[in-house]
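Thank you for sending this entry for comment.

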Amino acid sequence: MIQLFHVSRVFPGDYAALSDVSLAVTRGEFVFLTGPSGAGKTTLLRLMFCADRPTQGQILVDGCNVSHLTRSSIPALRRKIGVVFQDFKLLPRATVAENVALALQVAGIHGYERERRVRRVLAQVGLEHRATALPPQLSGGEQQRAVVARALVHDPLVLLADEPTGNLDPAMTIQIMDLLCAANARGVTVLVATHDPGLLARYPKRVLHLDKGHLVKDSEAVSVPLRAAQA
Amino acid sequence: MMLASGIYFLRSALEGLRRAPLLHLVSITAIAFALLLGGMARLASGALDSLLVASRSQVELTVYLEPNVSEDEAARIAQQLVGLGTPARVVSPEAALRRLRNELGDLGKLLDDLPQNPLPPTIELELPGSARGSARIDELARRAKALPGVAEIDDGGQAVAQLVRVGRALRFGAAAVFTVASLAAVLIVAATLQLTIYARRQEIEVQKLVGATNRFVRTPFVIEGLIEGLIGASAASLGLAFIARILAPKLTPLLSFVADRAATQPLPSGRIIVEVLAAGCLLGVLGSLAAVHRFLRT
């Protein structure tokens, strides 16, 4: 589903956010992307949905080389991908339902079908009773669930989540992770960027470890004891 | 599907107008001003065209007689002109002065102060418009000039040529003024819309991140520009009607020297209103396209 070949991203000032990263994620896989702050996790995710371009290397998403995508082809790629942003990126003046519906609106899905899908996904994330609320009226956990709903409402092939539980309490973290796991169970390929070792311990999945822009470890289903990770 | 998209875009555009009414008012005023200028020029050139058509539809050969020619002599000369094959009508100096007083309307009172009537007796010969520029006119003028007591012949050709020149200059000037004013209006619309786009940049960023095409982002702003253009054009049309209502009664007597009153009513026609509305829409859309294009390019 996702393949990176010798991908590098160098920012002005010769700061290499990613250096020669190669990896492959198969369809339906759940992968954690971990590493300390500044390791290149967010940069890697941004390259996958074409929010940024690699300085070198090739990136394939669902067979499409996103490194050479023209501007006009980017929207089609993004409609295959759901993104959970670290800073939510919810529209403050639009209701939760309108925020979620936006992903369908841009894809040309209107009317009853749009309403049905929005209702369904809001029920999945437990926000159906907050559909008419504005984002500033929601708690952090509710906002994060609204973002997950928006990322899932158009049935993406890939879900990219950048620190989706970064500001949440443990109970809310489990709720959000359960939503991502449920999406994965439905066949969605999920990549979660996190530096929370507790998550890696609780959810034994494949882990890609980045450090200073280098992919330093690619491990299947880590088996860190939960208590040790929380210590 | 198209209808649903259209409703979404329209709602989004109206929301944009509602959020920054003052900014949009600036754009609407700029469009209205540009169209008012263009419309006034268009009205003036339209009135001039009517005059030209009216003046070309008939040829009136005016034979000016010597001031000392009596009424009997004038009648005799008129008979001779009828003999040349055209109806002739004698206009005495008194009748000519009365006519001038009527044509000048309120200004006609000025003629009361004249110590004596300066107008000579004249004979008016009416010919069909098809005769203009033909050898028949020249021949008639040449033979009339040869008659004793005739001082001068005027076939109105000079006045028409003058009108054509004025019309050409007016059209050129109007085009230049309209172009400059329109350009300014487009720039103002683009600048104000850029401010509203900047205020909504977060919304646009999110739209793009979830897969919106440039067309999806652009359309509500184009509709905003279209609405601004329509409102500005409507205001300009009202302004034109108002100006024409005030100016028409003042202009008509002045223009009636060269054509009758029916041909000199400068009220905006339905066609001019449609042109103004179309131009308003075009200015609004061009301004919004320029603004969005610049934003999406960066």
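Predicted model: local features only at pLDDT ≥ 70, side-chain atom pairs only at ≥ 80, totals over all residues.

1. A cavity, as the word is used here, is a set of grid points where a 1.4 Å probe fits but cannot get out, and a residue counts as lining when it has an atom within 4 Å of such a point.

2. Searching the whole structure gives 2 cavities of 30 Å³ or more. The largest has a volume of about 60 Å³, and its lining is made up of R78(A), I81(A), G82(A), V83(A), F85(A), R150(A), A151(A) and H154(A), together with L209(B) and V210(B). By class, these residues are 6 nonpolar, 2 polar and 2 charged.

3. Which elements of chain A supply at least two residues each of the lining of the largest cavity? They are β6 and α5, and the largest share, 3 residues, comes from β6(A).

4. Strand β6(A) also belongs to an open sheet of 6 strands in chain A, where the order is β6-β7-β8-β3-β9-β10 and the pairing is mixed. Because β6 (81–84) and β10 (214–219) of chain A stand at the edges with a single partner strand each, one side of each is left without a neighbour in the sheet. From one strand to the next, the twist averages 15°.

5. Within this sheet, strand β3 (residues 30–34) of chain A runs parallel to strand β9 (residues 206–211) of chain A, and 4 bridges join the two. In this pairing F32(A) has V207(A) of β9(A) opposite. Helix α5 (residues 140–152) of chain A packs on the sheet, where it touches β6 and β7 (158–162) of chain A, and the direction of the helix makes about 170° with that of β6(A).

6. The second largest cavity has a volume of about 50 Å³, and the residues lining it are S12(B), R200(B), E203(B), I204(B), Q207(B), V217(B), P220(B) and F221(B). Two or more of these residues come from each of α7 (201–209) and α8 of chain B. The classes represented in this lining are 4 nonpolar, 2 polar and 2 charged residues.

7. Helix α7(B) has E203(B), I204(B), V206(B), Q207(B) and L209(B) as its buried residues. After α7(B) comes G211(B), whose phi is positive, near 110°.

8. If residues up to four places away in sequence are not counted, S237(B) touches I273(B) and V276(B).

9. A contrasting case is R99(B), which is placed in helix α4 (residues 93–104) of chain B and has a relative accessible area of 35%, so that R99(B) is classed as partly exposed. Leaving aside neighbours within four places in sequence, the contacts of R99(B) are with R89(B), V91(B) and E124(B). Between the C-alpha atoms of R99(B) and S45(B), which are 54 residues apart along the chain, the separation is 27 Å.

Note on methods: Residues numbered from 1 in each chain as written. Chains lettered and ligands numbered in written order. Heavy atoms only, no water. Contact = heavy atoms within 4.5 Å. Pairing = 2+ DSSP bridges. Axes fitted to C-alpha atoms, helices over the stretch in contact; angles between N-to-C directions. 1 Å grid on protein atoms, 1.4 Å probe; cavity = no way out; pocket = protein on both sides within 12 Å on 5 of 7 lines; lining within 4 Å. Points joined across faces, edges and corners; volume = space filled by probe spheres on them. Nonpolar A, V, L, I, M, F, W, Y, C, P; charged D, E, K, R; others polar. Buried < 20%, exposed > 50% of the residue type's maximum accessible area, 1.4 Å probe, protein only.
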